Amino acid sequence: MKVLTTPEVRQYIKELSYILYKKDYFSYLEYAEKYVEELFVDIKTNLPTRLHKPAPERYAKYGDDLHYASFVKNKRTTWYAFFTKYRDENGEINYLVQYIANNHTIAQHL
């Protein structure tokens, strides 16, 4: 079982710590980088075991048969990983994360 990400998600993860720092969610860039790293590790490690739901139709642009799982990081912020699940040629189940967002930007749509 593998958790993979699209190039767009990898780029977003690379930029996220700087975005969070610039928007004053963190006082130091190093803290933002640690937060994002922990988020990414949580997704890569725990996505296969998380409860997931079918994604609303508005997220269909990110993939067919899309699902999402939530990752609570603190009292105010929950992140959502949108993914598709498929079997590779060896029969192994893989998860392809195609979009990541938090409750501050998408909660009204879930």
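This is a predicted model: local features need pLDDT of at least 70, side-chain atom pairs count only at pLDDT 80 or more; totals for chains, interfaces and linings use all residues.
Let me start with the helix. H2 runs over residues 29-46, which is 18 residues. From its first C-alpha to its last it reaches 25 Å, close to the 26 Å expected at 1.5 Å a residue.

Which residues of H2 are buried? They are Ala32, Tyr35, Val36, Leu39, Asp42 and Ile43. These cover an arc of only 120° around the axis, so they sit on the same side of H2. On the face turned away from that buried side, the exposed residues are Glu30, Lys34, Glu37 and Thr45.

Next, what the buried side meets. The buried residues of H2 pack against helix H1 (7-22) and against four strands: E1 (2-5), E3 (67-72), E4 (78-87) and E5 (93-102).

The largest nonpolar core has 20 residues. As background, nonpolar side chains in soluble globular proteins tend to be buried together.

Which residues have the most contacts inside this core? Leu20, Ile43, Leu47, Phe71, Trp79, Val97 and Ile100 do. Take Ile43, one of the buried residues of H2. Leaving aside neighbours within four places in sequence, Ile43 is in contact with Val3, Phe71, Ala81, Val97 and Ile100.

Last item: there is a second, separate core of nine residues, and among them are Tyr59, Leu66, Phe82 and Tyr99.

How values were computed:
Residues are numbered from 1 along each chain as its sequence is written. Side-chain values use heavy atoms; hydrogens and water are left out. Helices (H or I, at least four residues) and strands (E, at least two) are DSSP runs, numbered from the N terminus. The expected span of a helix is 1.5 Å times one less than its number of residues. Buried means under 20% relative accessible area, exposed over 50%, partly exposed in between (1.4 Å probe, protein chains only). The arc is that of the directions from the helix axis to the C-beta atoms. Contact means heavy atoms within 4.5 Å. A nonpolar core is a set of buried Ala, Val, Leu, Ile, Met, Phe, Trp, Tyr and Cys residues joined through side-chain atoms within 4.5 Å.
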